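Have the model open as you read.

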Amino acid sequence: MTKTSKVAIIGLDTSHAVEFPKLMQDPAVPAENRVPELKATRCLRFETPFQNKEGLEKRSRYLENIGVQVTEDFDAAVADCDAILIEINDPSFHLEYFERCAALGKPVFLDKPFADTFANAMKIIEIAEKHGTRFFTSSALRFDFDFVAGLAEGTVPEAVTVWGPIGAAPAGSSLIWYGVHTFEMLQRAMGRGAVSVKVCGDRRGYVCHVVYADGRRGVVELTENVYRYGALIRDHKAKEQLISLTGNVPFYAMLLREIVRFLDGAQPVELADSVEVMAMLSAAERSIVTGNAEPVYTR
């Protein structure tokens, strides 16, 4: 990028709406972790079940201290920006605000998960096509430094197990809201081709068995109150790769660098990959209810 891009932040009910601007422009952040190619100029705040007024006030004070104007007026929030980051923790708001942002003709990053339901994710795609809006959606875990380095070792992903936490969503599906991180990791490791998901619940969370059309196997382990991520990638013969995510390189910084690439014209995550993640999450949610293996519908 030849200039610093001004970005508008939509939503303040997630820590990402604070952590991302912090990495962009807080002078207290070590230079090697900062992403100065981006500058947050304004942030739209509103209450959701994920954050009350008191929490919004605290976050607003911090953002104002690092040069971000916080407002409750949508038009003011998106004025004079080069791009928009939709940072809304409650995915039930994603469709509404994506539609408002898409009409502005600016590139959009839509933070995880894609939407609260697969149907609403499809509506977002229709809106993007209608307006010709460039966008991508992703969890930061897809770009974690240790994870990407482990994948580069080249172990053939014939059987992949990934693990991470499952949080309790204040509203909506906890699996879709927080399970997205580990399903994003599985999708990046395996590529596309999932055909069904079966979920087994226990006292600690969920174990999700993902079947692929070519016979490969994926396992997603979601555990309550255990905030560690990792992966084990195996071929069927003689090689395995254990990946521990250390956090030594902030994965939020890695995601912001992908957003910089996006604003330069790259597509960090193919839309079909994001659709498959949402489809797997939807299948997993149905499986919790039915107890059966549920098909992964990608359209």
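Which element supplies the largest share of the lining of the largest cavity? In this predicted model, that element is α9, with four residues. Helix α9 (271-290) is joined by β6 (135-138) and α7 (174-190), each giving at least two residues to the lining.

| Cavity | Volume | Lining residues by class |
|---|---|---|
| Largest | about 60 Å³ | six nonpolar, three polar, two charged |

If you'd like to find the largest cavity on screen, look for Phe 114, Ser 138, Val 180, Glu 184, Met 278 and Leu 281, which are among its lining residues. The second largest cavity is lined by Thr 14, His 16, Glu 87, Ile 88, Asn 89, Asp 111 and Lys 112. Lys 112 also belongs to the lining of the largest cavity.

Now to helix α2. At 1.5 Å a residue, the 13 residues of α2 (residues 53-65) should span 18 Å, and this agrees with its end C-alpha atoms, which lie 18 Å apart. Gly 55, Leu 56, Arg 59, Ser 60 and Leu 63 of α2 are buried. Viewed down the axis of α2, these buried residues fall within an arc of 135°, so they line one face of the helix. Their cover includes α1 (16-25), β2 (38-44) and β3 (69-71). On the face turned away from the buried side, α2 carries the exposed residues Glu 54, Lys 58, Arg 61 and Asn 65.

Notes
Residues are numbered from 1 along each chain as its sequence is written. This is a predicted model: local features need pLDDT of at least 70, side-chain atom pairs count only at pLDDT 80 or more; totals for chains, interfaces and linings use all residues. Side-chain values use heavy atoms; hydrogens and water are left out. On a 1 Å grid over the protein atoms alone, a cavity is a set of points where a 1.4 Å probe fits but cannot get out, and a pocket is an open set with protein on both sides within 12 Å along at least five of seven lines; lining residues have an atom within 4 Å of a point. Grid points are joined across faces, edges and corners, and a volume is the space filled by probe spheres set on the points. Ala, Val, Leu, Ile, Met, Phe, Trp, Tyr, Cys and Pro count as nonpolar, Asp, Glu, Lys and Arg as charged, and the others, Gly among them, as polar. The expected span of a helix is 1.5 Å times one less than its number of residues. Buried means under 20% relative accessible area, exposed over 50%, partly exposed in between (1.4 Å probe, protein chains only). The arc is that of the directions from the helix axis to the C-beta atoms. Contact means heavy atoms within 4.5 Å.
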